[in-house]
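Biologist: I'd like to learn how to read a model feature by feature. Could you take me through this one?

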Amino acid sequence: MADEVVEKDLPVFRRAQRKLRDVFEAGAAGRDADAVAELNGLLEAYPIQPRISGHKDDGPDWHMHVTSRGSSVSAEYLAGAAWGLAVWLCEFGSARFGVCADERCGNVYLDTSSNNCRRFCSERCATRSHVAAHRARKKAAVDESALAVAGV
Ligand SMILES: [Zn+2]
Ligand SMILES: [Zn+2]
């Protein structure tokens, strides 16, 4: 897809980026009906039209495309994204949509953990956040003992 993307796909992606994010923010905040309304909007804006396609000259590599032949990369990508998220929501519920708890990150994620307890988009954010919390606790302890030594 990266080879086929063109300039006019960019504004479409940027607009949709905000809309996709709204789905995750609504789900993460427990606003179930809002997440559904946002997704229904996306499904309407980026409708799917399934089609089997192949690109190899030396034999079939059949796979599914979700828009009609000649559709833009943004239309194909966003139809797939909206459809995938909609199926996910119906299957697992909107509470599985999350926004990374590391405020310097802000990425969104789908919680695939068995007990729906994920808070970060990645291991990297989880580790960074835990290290930062550990340092803050350590610094607080050091500050406290410094005050004790100073007799405050
Ligand atoms: Zn293809
Ligand atoms: Zn993150």
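Biologist: Which helix gives the most to the lining of the second largest pocket?

Modeller: A pocket is found on a 1 Å grid over the protein atoms alone: it is an open set of points where a 1.4 Å probe fits, with protein on both sides within 12 Å along at least five of seven lines, and its lining residues have an atom within 4 Å of a point. Here α1 gives the most to the lining of the second largest pocket, with five residues, and both α1 and α3 supply at least two. Helices (H or I, at least four residues) and strands (E, at least two) are DSSP runs, numbered from the N terminus. Keep in mind that this is a predicted model: local features need pLDDT of at least 70 and side-chain atom pairs count only at pLDDT 80 or more, while totals for chains, interfaces and linings use all residues. As for conventions, residues are numbered from 1 along each chain as its sequence is written, chains are lettered from A and ligands numbered from 1 in the order written, and side-chain values use heavy atoms, without hydrogens or water.

Biologist: How much space lies in the second largest pocket, and which residues line it?

Modeller: It holds about 220 Å³, where a volume is the space filled by probe spheres set on the grid points, joined across faces, edges and corners. Its lining includes F13, F24, Y77, L78 and V108. By class, six of the lining residues are nonpolar, three polar and one charged. Nonpolar covers Ala, Val, Leu, Ile, Met, Phe, Trp, Tyr, Cys and Pro, charged covers Asp, Glu, Lys and Arg, and the others, Gly among them, are polar.

Biologist: F24 is in that lining. How do I read aromatic pairs?

Modeller: Rings of Phe, Tyr and Trp (its six-membered ring) pair if their centres lie within 6.5 Å; planes under 30 degrees apart are stacked, over 60 edge-to-face, and the rest tilted. That rule gives three pairs here. One of them joins F24 and F97 edge-to-face, with 5.0 Å between centres and 70° between planes. F24 sits in helix α1 (residues 9-28) and F97 in strand β3, 73 residues apart, so to speak linking distant parts of the chain.

Biologist: Are F24 and F97 buried or exposed?

Modeller: Buried means under 20% relative accessible area, exposed over 50%, and partly exposed in between (1.4 Å probe, protein chains only). F24 has 7%, which makes it buried, and F97 is buried at 2%. Then there are W88 and F92: their ring centres are 4.6 Å apart and their planes at 50°, so this pair is tilted. Both lie in helix α3 (residues 73-92), four residues apart, about one turn of the helix. W88 counts as buried at 16%, whereas F92 is partly exposed at 48%.

Biologist: Now the metals. Which residues coordinate the zinc ion (ligand 2)?

Modeller: Donors are N, O and S atoms within 2.8 Å of the metal (3.2 Å for Na, K and Ca); water is not among the atoms, so sites may look incomplete. For the zinc ion (ligand 2) they are the SG atoms of C100, C105, C121 and C125, at 2.3 Å. Along the chain their spacing is C-x4-C-x15-C-x3-C. C105 lies in the loop between β3 (97-99) and β4 (108-110), and C125 lies 20 residues away in helix α4 (residues 123-149). C105 is partly exposed at 25%, but C125 is buried at 5%.

Biologist: Why is the arrangement around the zinc ion (ligand 2) called tetrahedral?

Modeller: Four donors count as tetrahedral if all angles lie between 85 and 135 degrees. The ideal angle for four tetrahedral donors is 109.5 degrees. Around the zinc ion (ligand 2) the angles run from 103 to 117°, which makes it tetrahedral.

Biologist: What are the protein donors of the zinc ion (ligand 1)?

Modeller: They are the NE2 atoms of H55, H63 and H65, 1.9 to 2.0 Å from the ion, with the sequence spacing H-x7-H-x1-H. H63 is partly exposed at 28%. H55 and H65 turn up again in the largest pocket, which has about 280 Å³ of space: they are among the residues closest to its centre, along with E4, R51 and S71. That pocket has 14 lining residues, divided into two nonpolar, eight polar and four charged.

Notes. Tetrahedral: all angles 85-135°; square planar, octahedral: opposite > 155°, others 65-115°.
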